[in-house]
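Keep the structure open next to you while you read.

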Amino acid sequence: MSLGSPPPAVATAVSDDSVTDGLENQSSSENVRVKLKLEDLNWDHSFVRELPSDPRTDIISREVLHACYSKVSPSAEVENPQLVVWSESVADILDLDSKEFERPDFPFLFSGASSLKGGYLSLRLSYAQCYGGHQFGMWAGQLGDGRAITLGELLNSKSQRWELQLKGAGKTPYSRFADGLAVLRSSIREFLCSEAMHSLGIPTSRALSLVTTGKFVSRDMFYDGNPKDEPGAIVCRVAPSFLRFGSFQIHALRGKEDLGIVRTLADYTIKHHFPRIENMSKSDGLSFSTGEGNNAVVDLTSNKYAAWLVEVAERTASLIARWQGVGFTHGVLNTDNMSILGLTIDYGPFGFLDAFDPSFTPNTTDIPGRRYCFANQPDIGSWNIGQFASALSTAQLINKEEFNYAMERYGTKLMDDYQAIMTKKVGLLKYNKELIGELLNNMAVDKVDYTNFFRLLSNIRTDSNVPDEELLVPLKAALLDIGRERREAWTSWVKRYRAELSAIGVPDEERKASMNSVNPKYILRNYLCQSAIDMAEQGDFREVRRLLKVMERPYDEQPGMERYARLPPAWAYRPGVCMLSCSS
Ligand code: AMP
Ligand code: MG
């Protein structure tokens, strides 16, 4: 498995009572949670072992041809690094004993300043990935991991593969003119948001730990010629793989010589990350009608690359539909930031909607064209899938019909999932285009808070005896400062909504519980992040840790934590808080 011999599995097996309770039929082995020390984790290095490597090992910025990665070791300087925050649930999926976070050497290990003595994590095998990308619609050529260094892959006791990456760990051949480092501000945002998204039930990369480097990093946050020294930090982020659309595009767009690498990388990806496709057989019935003459049918089982493309398209569509459901705006949907696994990755100037505004973009660089604004995300996903499909087509892995079918599947899946999510958000059983369309229109007109509104909506009663003038009472906290005309518009909407609910006949309490399970009470609003960042920059990490705890249960009421559900205060409406640059 690993390049060296596998480590001895010195695991502490712990019986998990919460899992055992009431599940008499489960085999006892399923109830055992493995808790390993760092030294005993089961590292593997399939990426390095199976894919073409850059023969050079220096970190001079350069074009790296005919390779998927360059070997590089972490080189960020550290001085008295501190553990800011960590995720116990990520430790769980890695089989890591959470006591390991208390080790005095943990901040050194997870800043890359030292490697595991006697362990099997060899920095000799750490690497930066080569990828390209379309940035704001233009092909930007080679980008690559300019500051993220992959330590390797961990195989857990369930044979799941988890790639661990240190972001901000120093220069790589892909750093171009930049320093390979990351600041505390953006690292806190990435750590908290990836964990918050996971708890919202949205596919995402995860974060194991965040450490300060103890060194300062210069950043011009507003791009106005006034750089500032900021504390440096390193996040250990975790995903089954950090492969992106751009990982495939770079080789397709470099011309003939690299086309073979597209196939090699596709084979690798399917083998390790899409086992259903690797093992698919004719009996799976993956065929589709092309709609062209004589009921032409293309059999997806005859081309695994086409089946894979369709799955990537569907996962991406499903991901973006979920973003729309919680009001998440990524902010930089370049093809290098699009995960091949359909995960949310590369958290930069993201933002959750506060007041509903379809044209909201959290990214200052995006303001002129609003290419990556909230309402555009579904179309951008399609555009990006189109670029990825083109790369496969250039490498002759798929044909025109397969290309078209994948694009069609993206559109259908996005619509299906989006409609299902919105239907659940309003507590209906069937999508009602008119009612939901009018609701979103009303919300945009009155700049209604996207999160709090849906949470309050579950308090509407189907009781038809409620007089008209009291219909809006449950929504009062979300419908602030609206005049008579708007009150009438809302009252008319609520009346129609109530009639729909009555027709369904689901008891109010049951509907409320179901709505609250998809409408979060707590989202990671940018101002909440900023308060935690301000304290952390003064060396006080308590607010970061508190915020993590709150965001781990976004759908629960959490009495006493209501302040984390409040609208942004006046101070938050300034650049750097509600709007961010890519400077990180
Ligand atoms: P992003 O906007 O974070 O997705 O980054 C776009 C590209 O710039 C990627 O190739 C990153 O690795 C690279 N990059 C961003 N910041 C830095 C940095 N401070 N040092 C080196 N490379 C960076
Ligand atoms: Mg990126």
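How many cavities of 30 Å³ or more does the structure hold?

1. The count is 5 cavities of 30 Å³ or more. Bear in mind that this is a predicted model, so read everything below as a description of that model.

2. Let's take the largest cavity, which has a volume of about 60 Å³. Its lining brings together stretches you'll find in separate parts of the sequence list: Arg-185, Ser-186 and Arg-189, then Gly-348 and Pro-349, and finally Leu-580, Ser-581, Cys-582, Ser-583 and Ser-584. Sorted by class, that lining has 3 nonpolar, 5 polar and 2 charged residues.

3. Next comes the second largest cavity, with about 50 Å³ of space. Among the residues that line it are Thr-316, Leu-319, Trp-323 and His-330, along with Asn-337, Met-338 and Ser-339. Have a look at the classes here: 5 lining residues are nonpolar, 6 are polar, and none are charged.

4. Now zoom in on some atom pairs. An oxygen atom of ligand 1 lies 2.7 Å from a backbone N or O atom of Gly-146. With Asn-337, a polar side-chain atom is 3.0 Å from an oxygen atom of the ligand. For Arg-219, a polar side-chain atom is 3.3 Å from a nitrogen atom of ligand 1.

5. How much of ligand 1 does the protein cover? On its own, ligand 1 has 480 Å² of accessible area, and the protein covers 82% of that.

Note on methods:
Residues are numbered from 1 along each chain as its sequence is written. Chains are lettered from A and ligands numbered from 1 in the order in which they are written. This is a predicted model: local features need pLDDT of at least 70, side-chain atom pairs count only at pLDDT 80 or more; totals for chains, interfaces and linings use all residues. Side-chain values use heavy atoms; hydrogens and water are left out. A polar contact is a pair of N or O atoms within 3.5 Å; within protein, one must be able to donate a hydrogen and the other to accept it, and residues adjacent in sequence count only if both atoms are side-chain atoms. Accessible areas come from the Shrake-Rupley method with a 1.4 Å probe; for residues, only the protein chains shown count as cover. On a 1 Å grid over the protein atoms alone, a cavity is a set of points where a 1.4 Å probe fits but cannot get out, and a pocket is an open set with protein on both sides within 12 Å along at least five of seven lines; lining residues have an atom within 4 Å of a point. Grid points are joined across faces, edges and corners, and a volume is the space filled by probe spheres set on the points. Ala, Val, Leu, Ile, Met, Phe, Trp, Tyr, Cys and Pro count as nonpolar, Asp, Glu, Lys and Arg as charged, and the others, Gly among them, as polar.
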